[in-house]
Amino acid sequence: MPPPSSAQDTINLPPDYYGEALRSGYAAWENTGWVRKTDGTPASDVEYVTDGATPRAFIRKYGAMSLVLASIDTSITTMDTLRRLDIAFDGPLAGYPDPIAQEEEGYHKNFHLPWCGPGGKTEIPGYRWIMYPNIYPKIDMYLYCGSRGQKLMFVVRPEGDPANLKMSFSGHDEMDIDVLGNLRMLLQERWVVLPEAVAYQYDENNEILPVSWTAQYEADTLTGEVGFTFDQFDRYKPLVLLIGPPPIMGGPPYTEGVCWGTYFGGNSSDGLMGIAVDDQGAQYVAGSTSSEFYDFPEAVGTVYWESAVAMLLAAFTPNNQLLWMDYFGGTTGNQRCMGVAVRNSAATQIFIGGTTDASDAFLQPSGSAYFDATGSGGNSGYLARFSATTGIMEWSSYFGNGNFTVNNITIDDAGQLLAAGMTYGDLPQHEVDLPFGASQWPYHGQGDGWVAKFTLGEQVLWSTYIGGANRDNALCVKSAANKILLVGETMSPTIDNLNPGNGAYFQGTNAFGPQDAFIKEFNMNGAQKWGSFFGGTGYEGVGSNC
């Protein structure tokens, strides 16, 4: 179908990824001779000028436009400053089409400027969006405005090739791509920022079809030519690359309203401290509760121990239905789950890490897995493993006694459990051969952090204290890309840090505020590869629910 040839032809604007309506107060006004260049000559190549968003867009013939930032002063005797960025499209297949305006506004503008003649230029129509058809073969470009600013939309129609799309920028002093993927251009000390493009497709019903990749910019900062990366998509459905700010709430085009939300509790105090999601989308939450088990609206699962304050683990299906809920712990005191993690496998397993004051916590030995039944009743660590399908506890044990906390756990890419926390002296040591090079630091006093890794059979593979002369606490452990990362808090002047000498950030000593954060990287054998303080002369803290 050939593209429309005038502003009067009807075209439908493709669906916006965020489902945004067109912004009121924004329009592209037709140039009937009221636009002039800075030298006073007519800007005959300008077809429309936008109003209602910055920067203003001058919509030009032959597949080009200019973005203009203005610095307007209060004096009529001095010239205002205009900063202009030109956008064109290059390459052997560029189509150089003229713009087509759509959806006329319900009102007009009048321009009574010196060069507009005695009667001025009146009854100027404005339009809500612009289209450049076939800017490349089977690629159209649209310009419109959402709630937070103007947007450029490139629509690659079926059988079109996004590799043809090349924007050419000129007029800027500097161009770069920032760490968030935004394309930035400096115009005389002012930046024009184009957010990273959102890629998606849509069907004949205008339903959004997400793709599994992002359209990152590929910029030649010397020539000003910019393209996009892309991956697999359905060649028989339109592909959209959308550049522009998301709405204030951001996010994909979901139906308005909360997708799912619920109270979760019984007849007393309840709290959740951790959540994990398996590769099927099932969710697992852990915490503590003072409510009676059967007071929960749907009491399904197992009561291993119901006490004044019990540890709680619950599973929800991908459709948010309660699958099972377990109570466990011992008879006394303050006990809670602090972390939950998923081991994805043929028989998915759920791990929890927490603390308990109970000397009679429910324990479940399992083969050669680490097992300690001698809880001190004075804040011991606690680890457990459950079947994701049934909620049956497969293994549980005290882990560390005497003012010992398990603050966080995770599962690495090999399926092995990692745990971190704080101790005042007691730390279980390795039960199998220690991996080569694993860091082994002594207890320094006043409370140290710790980190431990387990085998696939839940034996202690390696563990070490982390700290210095004063109080230290390891709060979060994560693993990815064959590395282990640990963060925590320290009041010590020095700890066992390591500068790898490769330009990595390194702060060798505490900045002598009340408390600094620390960051450490280990390899999968537990050998420290990098460690640093992170902080200033004030107080730095780390959130425990990472």
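Q: How many salt bridges does the structure hold?
A: Side chains of opposite charge can pair when their charged atoms come close. This model is predicted, and the structure holds 15 salt bridges.

Q: Which residue forms a salt bridge with Asp-45?
A: The partner is Arg-60, with the closest N and O atoms 3.0 Å apart. Asp-45 sits in the loop between strand 1 (27-30) and strand 2 (46-51), while Arg-60 belongs to strand 3 (residues 56-60).

Q: Is Arg-60 buried or exposed?
A: Buried means under 20% relative accessible area. Arg-60 has 15% relative accessibility and therefore counts as buried, whereas Asp-45, at 23%, is partly exposed.

Q: Which parts does the pair of Arg-343 and Glu-458 tie together?
A: The side chains of these two residues, Arg-343 and Glu-458, meet in a salt bridge at 2.6 Å, N to O. Arg-343 lies in strand 24 (residues 336-343) and Glu-458 in the loop between strand 30 (448-454) and strand 31 (460-466), so the pair ties together parts 115 residues apart in sequence. Arg-343 is buried at 8% relative accessibility, and Glu-458 is buried at 1%.

Q: Where is Phe-230 placed, and what is in contact with Phe-230 beyond its neighbours within four places in sequence?
A: Phe-230 is in the loop between strand 17 (225-228) and strand 18 (239-243). Leaving aside neighbours within four places in sequence, its contacts are Asp-161, Pro-162, Ala-163, Trp-213 and Arg-235. Phe-230 is partly exposed, at 34% relative accessibility.

How values were computed: Residues are numbered from 1 along each chain as its sequence is written. This is a predicted model: local features need pLDDT of at least 70, side-chain atom pairs count only at pLDDT 80 or more; totals for chains, interfaces and linings use all residues. Side-chain values use heavy atoms; hydrogens and water are left out. Helices (H or I, at least four residues) and strands (E, at least two) are DSSP runs, numbered from the N terminus. Buried means under 20% relative accessible area, exposed over 50%, partly exposed in between (1.4 Å probe, protein chains only). Contact means heavy atoms within 4.5 Å. A salt bridge is a side-chain nitrogen of Lys or Arg within 4 Å of a carboxyl oxygen of Asp or Glu.
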